[in-house]
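This briefing is for a reader who is new to the structure.

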Amino acid sequence: MKILLVEDDYDVARNVCEYLEAAKHQVELAPDGLIGLDCATRERYDCIILDINLPRLTGIQLCERIRSLGFGRVPILMLTAMGALSYKEEAFNAGADDYLVKPFALKELELRLAALMRRSAESKAGKHLKVGDLVYDIMTQDIRRGEQVINLATTSRTILELLMRNSHRVVSKQ
């Protein structure tokens, strides 16, 4: 599983990275919200883990931005010391899929990520986007116009998906 971890606490980030990498996951670390946003929009991740208290862009703001930019299907887990219900409500309303309060057991984090991936895979199964004769298979990432196969780079594919999901409305440049 390819995971983006956006965490500014070095010790927490190091522990999570070491644990998940030992479990054969690929983890990319972003130390603040703006770097996290750049990573999230540049690469495809199977899951994103966000802290709430991040420099330059909070985890809530980052979650909202990721969702508003059309990355709606990537599972987002909030990993934070903010345990009050109001923070959880804000995170879920921003588009988070799960919420884990620090301190936490690393095994629980791994189990939650696995559950998110199962749900994500189930929701993607058999999904196709179709606009006219243009078809985009979400699972295989195959793009076809009629019988012609179209090969696109990751960024172009992401833009195409965003446009196809929003074909009924104007999409801003952001």
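The notes below start with the basis of the model and then go topic by topic.

This is a predicted model, in which local features need pLDDT of at least 70 and side-chain atom pairs count only at pLDDT 80 or more, while totals for chains, interfaces and linings use all residues. Residues are numbered from 1 along each chain as its sequence is written, and side-chain values use heavy atoms, with hydrogens and water left out. Helices (H or I, at least four residues) and strands (E, at least two) are DSSP runs, numbered from the N terminus.

**The sheet**

- Five strands form an open sheet in the order S2-S1-S3-S4-S5, with parallel pairing; two strands pair if DSSP finds at least two bridges between them.
- The edge strands are S2 and S5 (98-101), each of which pairs on one side only.
- From one strand to the next, the twist averages 20°.
- Helix H3 (residues 59-68) packs on the sheet and touches S1, S3 and strand S4 (76-80).
- The direction of H3 makes about 175° with that of S4; axes are lines fitted to C-alpha atoms, for helices over the stretch in contact, and angles run from 0 to 180 degrees between N-to-C directions.

**Strand S1 and its partners**

- Strand S1 (residues 2-6) is mostly covered, with four of its five residues buried; buried means under 20% relative accessible area, exposed over 50%, and partly exposed in between (1.4 Å probe, protein chains only).
- S1 runs parallel to strand S2 (residues 26-30), and five bridges join the two.
- In this pairing, Leu4 stands opposite Glu28 in S2.
- The chain passes from S1 through helix H1 (residues 10-22) to S2 in a right-handed β-α-β crossover; right-handed means that, with the strands pointing away from the viewer, the path from the first strand over the helix to the second runs clockwise.
- S1 is also joined to strand S3 (residues 47-50), by four bridges, and these strands run parallel.
- Here Leu5 stands opposite Ile49 in S3.

**Nonpolar cores**

- In soluble globular proteins, nonpolar side chains tend to be buried together.
- The largest nonpolar core has 25 residues, of which Leu4, Ile48, Leu50, Leu62 and Met78 touch the most other members; such a core is a set of buried Ala, Val, Leu, Ile, Met, Phe, Trp, Tyr and Cys residues joined through side-chain atoms within 4.5 Å.
- S1, helix H2 (33-42), S3, H3, S4 and helix H4 (85-94) are the elements that give two or more residues to this core.
- H3 gives the most to this core, with four residues.
- Leaving aside neighbours within four places in sequence, Leu62 is in contact with residues including Val6, Leu37, Leu50 and Leu57; contact means heavy atoms within 4.5 Å.
- A second, separate core of 17 residues includes Val12, Leu100, Leu109 and Leu113.

**Cysteines**

- A search of the whole structure finds zero disulfides, a disulfide being a pair of cysteine sulfur atoms within 2.5 Å.
- The sulfur of Cys17 is too far for a bond because the closest cysteine sulfur, in Cys39, is 12 Å away.
- Cys47 is in no disulfide either, and the nearest cysteine sulfur, that of Cys63, is 11 Å away.
- Cys17 is buried at a relative accessible area of 10%, and Cys47 is buried at 0%.

**Single residues**

- Glu161 lies in helix H6 (residues 154-165) and is buried, with a relative accessible area of 3%.
- Glu110 is found in helix H5 (residues 106-124) and counts as buried at 17% relative accessibility.
- With neighbours within four places in sequence left aside, Glu110 is in contact with Tyr19, Ala23 and His25.
- Asn53 sits in the loop between S3 and H3 and is partly exposed, with a relative accessible area of 44%.
- Asn53 touches Asp8 and Met82, residues up to four places away in sequence not being counted.
- The C-alpha atoms of Asn53 and Pro103 are separated by 15 Å, and the two residues are 50 residues apart along the chain.
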